[in-house]
Amino acid sequence: MHFKQDFFEQLEGFYSQVYPTPLSQPHWLGWSDSAAKLIGLAQPNAELLMQLSGNIAAPGARYYAQVYSGHQFGGYTPRLGDGRAIILGEAIGPDTNWDVALKGGGPTPYSRQGDGRAVMRSAVREFLISEALASLHVPTTRALAVIGSDLPVWRETQETAAITVRLAKSHIRFGHFEFVCHSESGDKAKLTQLVNFTLAQHFPHLSQDTAGYKQWFTEVVARTAKLIAHWQAVGFAHGVLNTDNMSILGDSFDFGPFSFLDTFQEGFVCNHSDHHGRYAFDQQPGIGLWNLQRLAQALTPVIGSDDLIDALNTYQHELVSHYLKLMRNKLGLSAEDNNESDLQLIGQFTQLLEANQLDYTLSMRKFGQLDMTSKSSLLRDDMKDTKAYDEWFSLYQQRVGHVADIEAWQLTRNQANPKFILRNYLAQEAIIDIEQDADTRKLQQLQQVLASPFDEHSDLEHLAQRPPEWGQGLILSCSS
Ligand code: AMP
Ligand code: MG
């Protein structure tokens, strides 16, 4: 790893220097070849293991925890910060640079009552989901590796500590701007400094003046809208959409009790401490806007409110048009200017899935097997209410129209509708094997299918299945 230290050198006052606390008996649980390529690494090795578990220093690394604040479940917490993530700097990659962070690296000045650690099960989940979302073409932070240890940590019971090595193009969150704006030390000069740094690093095409700032915020709105459109299309619920978990680059960020939908359920809540369903699946689009409004508020010292409002007003259009683009591709609808009726057609289909208690991913995948000339299909076979389905299908058939090359059409559907997603019960099975027998084979199998989720994997077909009874609506512990 070769590091650059722009954040560290240019944003003094936005972090605290802190060294990781070593993990004892570290061992690789998982390694992502494709993430490694992003920062020019080849294979894992013993020295890297010692570096990334905090046992020895990595040459060129600085060690720091960033300070930020955020709205958590609607309420403002004036000071959060990296309570258990320690950043080493920006690793220089062949295409772009990536912050390297040790999540679970030990206590920092922002740990509050926490121990600065992550338990193995949550580290493994973060590792798997980061790489799974990337393979689904959803904007996301990445995970180079997950490192296990024999260090005991206490949650509801005794568990062991682990580190996820996170790669992020930036760790700057909405909460960074909120911290500067709302904290006592925050002033306009400091906010301008942070905005200019963000522009220079990540939006270099924009000028550092009033016009550039407006364009920047408009781009942040568009990226956030696009991110959430992706989640809605792929059936992903993040679970903790606090403003401190919102990346300024519009990447999926900071994973906790996330879940893909198994059975389609619009109001699905994956976070069992989210008693009011604030972060329910169907609330995500609205929450994205709410979070952007909090960011806009924090930016008022440097961007005029008319400009902020103009940008916020583009959110809905960006979200809907991107969602439509993704869903049209999944269903095989040509791009046309009939947004309202297409949204209705898509909504009627998801209602059918909900009413018939069908799996979202597996049902979508069956679009790749429709032959379009007849109403009978695998999709229809799953429906309890075939009458309602037939009514929907005839509207759909009319909308799709004549398909000249059905094989090519089916192939395109299969490239838009994944067969494999990270189902909670599968992650859970992999975690249990590691806990009980230090056996990482299931984790590796999951990594394999999730790395190419649109392909068939005939020997690992079982990893595409709906959860068995024990794995339905799995309640996962929130403590991570
Ligand atoms: P999260 O829910 O993971 O986004 O965390 C919210 C805040 O709590 C962040 O500031 C984290 O750094 C902090 N935090 C979460 N878990 C721990 C822990 N075990 N030790 C210290 N800080 C933590
Ligand atoms: Mg967080």
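Predicted model: local features only at pLDDT ≥ 70, side-chain atom pairs only at ≥ 80, totals over all residues.

Residues are numbered from 1 along each chain as its sequence is written, chains are lettered from A and ligands numbered from 1 in the order in which they are written, and side-chain values use heavy atoms, with hydrogens and water left out.

**Stop 1: the ligand**

Select ligand 1. Which residues are closest to ligand 1? Among the 14 residues that surround it, the closest are Gly81, Gly83, Arg112, Asp115 and Gly116; a residue counts here if one of its heavy atoms lies within 4 Å of the molecule.

Now show the polar contacts (pairs of N or O atoms within 3.5 Å; within protein, one must be able to donate a hydrogen and the other to accept it, and residues adjacent in sequence count only if both atoms are side-chain atoms). A polar backbone atom of glycine 83 is 2.7 Å from an oxygen atom of ligand 1. In the side chain of aspartate 115, an N or O atom is 3.1 Å from a nitrogen atom of the ligand. Asparagine 245 has a polar side-chain atom 3.2 Å from an oxygen atom of ligand 1. On its own, ligand 1 has 480 Å² of accessible area, and the protein covers 78% of this; such areas come from the Shrake-Rupley method with a 1.4 Å probe, and for residues only the protein chains shown count as cover.

**Stop 2: serine 130**

Select serine 130, in helix H4 (residues 120-135). Helices (H or I, at least four residues) and strands (E, at least two) are DSSP runs, numbered from the N terminus. Is serine 130 buried or exposed? Serine 130 counts as buried because its relative accessibility is 1%. The cut-offs are under 20% relative accessible area for buried, over 50% for exposed, and in between for partly exposed (1.4 Å probe, protein chains only). The side chain of serine 130 reaches the backbone oxygen of glutamate 126 at 2.6 Å. Not counting residues up to four places away in sequence, serine 130 touches Thr140, Thr141, Arg142, Ala143 and Phe255; contact means heavy atoms within 4.5 Å.

**Stop 3: histidine 137**

Move to histidine 137, in the loop between H4 and strand E10 (142-154). This residue is exposed, with a relative accessible area of 57%. Its phi is positive, about 65°, although it is not a glycine. Most residues other than glycine have a negative phi.

**Stop 4: glutamate 159**

Glutamate 159 is in strand E11 (residues 158-168) and is buried, at a relative accessible area of 13%. Show arginine 121 as well: a polar contact of 2.8 Å joins the two side chains. The pair is 38 residues apart in sequence and 8.9 Å apart in space, C-alpha to C-alpha.

**Stop 5: histidine 27**

Select histidine 27 in strand E3 (residues 27-31). Histidine 27 counts as partly exposed, at 35% relative accessibility. Its contacts, leaving aside neighbours within four places in sequence, are Leu49, Val146, Ile147, Gly148 and Ser149.

**Stop 6: glutamine 232**

End at glutamine 232 in helix H7 (residues 210-234). Glutamine 232 is buried, with a relative accessible area of 10%. Residues that it touches include Phe281, Tyr323 and Tyr360.
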